[in-house]
Amino acid sequence: MEPERNVIRSLQSGEASSCELILRSLPKWFGIEESIVEYVRSVEAMETYVVELSGSVMGFITVNERSASAAEIHVLALRAEWHGRGIGRALVEHIENALLARDIEYLQVKTLAPSRPSPEYERTRGFYWHLGFRPLEENHLWGPESPCLIMVKHLTCPA
Ligand SMILES: CC(C)(COP(=O)(O)OP(=O)(O)OC[C@H]1O[C@@H](n2cnc3c(N)ncnc32)[C@H](O)[C@@H]1OP(=O)(O)O)[C@@H](O)C(=O)NCCC(=O)NCCS
């Protein structure tokens, strides 16, 4: 049998709907309708890479340059059946390399803070920590119901 081929490439026109389906398949992470709509818009407006497995888009990462030296992971999602197989790491490393080539030194990500307990987001924070991101601050950017944790990584530090 052929081994599974995993290709990371830029999002192509018309593929935002594949990203939307991925977000909608993960309601424990992406359960707020307005956020899904905003993420789908941003997938088309910002730099986005998808991971294609056996010819289908199974995950994506969207990155936003915030300054000449810093960028942000705006959204990252992978279909649940592919979690835990190194694909999330591959997507993050892909954008880290692209950003480093443009002399961008810092990468941040905003995620649900631990002050609102969630086993799903505990996993997400563990993933980012493992890849070298560290908590910078907790704030109420998304309101008190969804406390926000900003994590940051200096890109020259290997994961
Ligand atoms: C977060 C997500 C993208 C991670 O992708 P993934 O493919 O499941 O993760 P990987 O298999 O690439 O894991 C990479 C590394 O992190 C480690 N890791 C993953 N979760 C971890 C955790 N909770 N605690 C500690 N380490 C963890 C893995 O063991 C692996 O280590 P290694 O590369 O040294 O062997 C994916 O699980 C996902 O889509 N989750 C739902 C949506 C989400 O959380 N998006 C982010 C919103 S801010």
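Predicted model: local features only at pLDDT ≥ 70, side-chain atom pairs only at ≥ 80, totals over all residues.
What is the volume of the largest pocket? It comes to about 1200 Å³, where a volume is the space filled by probe spheres set on grid points that are joined across faces, edges and corners. Residues are numbered from 1 along each chain as its sequence is written, and side-chain values use heavy atoms, with hydrogens and water left out.

Let me stay with the pocket. By pocket I mean, on a 1 Å grid over the protein atoms alone, an open set of points where a 1.4 Å probe fits, with protein on both sides within 12 Å along at least five of seven lines, and a lining residue has an atom within 4 Å of a point. There are 39 residues in the lining of the largest pocket, and the closest to its centre are Trp29, Phe30, Thr111, Tyr121 and Thr124. Two or more lining residues come from each of H2, strand E4 (70-78), helix H3 (87-100), strand E5 (106-112) and helix H4 (119-130); these are DSSP runs, numbered from the N terminus, with helices (H or I) of at least four residues and strands (E) of at least two. E4 gives the most, with 7 residues. By class, the lining has 17 nonpolar, 12 polar and 10 charged residues, with Ala, Val, Leu, Ile, Met, Phe, Trp, Tyr, Cys and Pro taken as nonpolar, Asp, Glu, Lys and Arg as charged, and the others, Gly among them, as polar.

Turning to the ligand, 20 residues surround it, and the closest are Leu76, Gly86, Arg89, Thr124 and His130; the criterion is a heavy atom within 4 Å. A backbone N or O atom of Gly86 lies 2.8 Å from a ligand oxygen atom, and a polar backbone atom of Gly88 is likewise 2.8 Å from an oxygen atom of the ligand. For Arg123, a polar backbone atom is 3.1 Å from a nitrogen atom of the ligand.

Now to Ser42, which is found in helix H2 (residues 33-45). Is Ser42 buried or exposed? Ser42 counts as buried because its relative accessibility is 3%, given that buried means under 20% relative accessible area, exposed over 50% and partly exposed in between, with a 1.4 Å probe and protein chains only. A polar atom of the Ser42 side chain lies 2.8 Å from the backbone oxygen of Tyr39, and the side chain of Ser42 also makes a polar contact with the side chain of His74, at 3.4 Å. A polar contact is a pair of N or O atoms within 3.5 Å; within protein, one must be able to donate a hydrogen and the other to accept it, and residues adjacent in sequence count only if both atoms are side-chain atoms.

Finally, two loop residues. Ser54, in the loop between strand E2 (47-53) and strand E3 (56-65), has a positive phi of about 50° although it is not a glycine, and Ser54 counts as exposed because its relative accessibility is 54%. Asp103, in the loop between H3 and E5, has a phi near 65°, again a positive value in a residue other than glycine, and Asp103 is exposed, with a relative accessible area of 62%.
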